[in-house]
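Thanks for making time this morning. I would like to walk you through one model, starting with its aromatic rings and then turning to a pair of helices.

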Amino acid sequence: MMSEKKEKWVFIVNPIAGNGFGKTMVPVIEEKIRKYGIDGEILLTERSGHAAELSRSCYEKGYRYIIGVGGDGTMNEVARPLINKSDVVIGIIPAGTGNDFVQITGFPGRFSEGDWDILFKKNITGMDAGSVNGMIFLNGMGLGFDAQVAAENYTEPGKVKKGGKHKYLWHIIKTILFFREKRMKVTSGTSTSQTDCFINTISIGRRFAGGFYLTPKALANDSLLDVCSIKKLNLFQRFRIFLKVPKGEHITDKKVLYYQTTGLEIEFTEKVPYHVDGELNFSKDFKVSILPEALNILYNPDGNHFFRK
């Protein structure tokens, strides 16, 4: 059992997450700290990358429960400095727009009173992480269609467009209509193939873009990456598969290749957009690998989590 000194909690809040919803969580967390008798502190992020700086600093100061309050990008930053550190536990209080990552833990997109009770019971499990070109992802990374959807969500690098979940739907429909596939070479183990990439999602979790189950079989502690690769599609095929994705029914379609791997390499002839937990980047070469049980995370064991039971 952790000593009292190591029971210190810190809540790293992104105040602009969820169009300002993150900021409204501060008085709620203050009330919960008092109610549950937590030795806790609240810190607010001020810029992109600040959550990672705060997370690293808090770990060095001896905090052992480090909680991200925001969306998927905030949680990614909080976790980055804590990879493969066995003496610290992370957690998430969802305050973003899509809130896809939190689904892994079995908690909902917005906390109820019962969820706070479960959070502070400190149910902990090991969780895998992924790495692409040296960057960490907790939920997943994507190339092709879903990366273009992520690109549509930015006015410029690091600046996310305002709007609720409906904006994702608009970006998706626009991309379905106008996206053009690019050729890629994929190497996984001893197998190499080439295809025109409509979607190539590589994941730890299952859900993306606010409710689309691109990798519905993924488990976040099986030491494997789940890959959903969709070949070039005409417009009719795009809409047909799109309608199947919310329930994860697309993976039986003949245009879809679904598999698991411990790592893969991908090559394009030019730089293309890709997202890492929803954050936009560009590259032409990709080296992706699994980091087994790289994090300790708070979860709801009775919720619809994505861990092996």
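This is a predicted model: local features need pLDDT of at least 70, side-chain atom pairs count only at pLDDT 80 or more; totals for chains, interfaces and linings use all residues.

**Aromatic rings and a helix pair**

The structure holds 13 aromatic pairs, where rings of Phe, Tyr and Trp (its six-membered ring) pair if their centres lie within 6.5 Å, and planes under 30 degrees apart count as stacked, over 60 as edge-to-face and the rest as tilted.

Residues are numbered from 1 along each chain as its sequence is written, and side-chain values use heavy atoms, with hydrogens and water left out.

Phe111 and Trp116 also belong to one aromatic cluster, together with Trp9, Phe11, Tyr36, Tyr65, Phe107 and Phe120. Two charges sit over rings, meaning that NZ of Lys or CZ of Arg is within 6 Å of the ring centre and within 35 degrees of the ring normal: the charged end of Lys8 is over Tyr63, 4.6 Å from the ring centre, and that of Arg110 is over Phe21, 3.9 Å from the centre.

Now to the helices, which are DSSP runs of H or I with at least four residues, strands being E runs of at least two, numbered from the N terminus. How do H2 and H3 pack? Helix H2 (residues 50-60) and helix H3 (residues 72-79) meet at an angle of about 35 degrees, with axes 7 Å apart; the axes are lines fitted to C-alpha atoms over the stretch in contact, and angles run from 0 to 180 degrees between N-to-C directions. On the H2 side the contact (heavy atoms within 4.5 Å) is made by His50, Ala51, Ala52 and Ser55, and on the H3 side by Thr74, Glu77 and Val78.

Within H2, the buried residues are His50, Ala51, Ala52, Leu54, Ser55, Cys58 and Tyr59, and they pack against strand E1 (9-13), E2, strand E3 (65-70) and H3. Ser48, in the loop between strand E2 (40-44) and H2, counts as exposed at 66% relative accessibility. Just after H2, finally, Gly62 takes a positive phi of about 100 degrees.

Methods
Buried means under 20% relative accessible area, exposed over 50%, partly exposed in between (1.4 Å probe, protein chains only).
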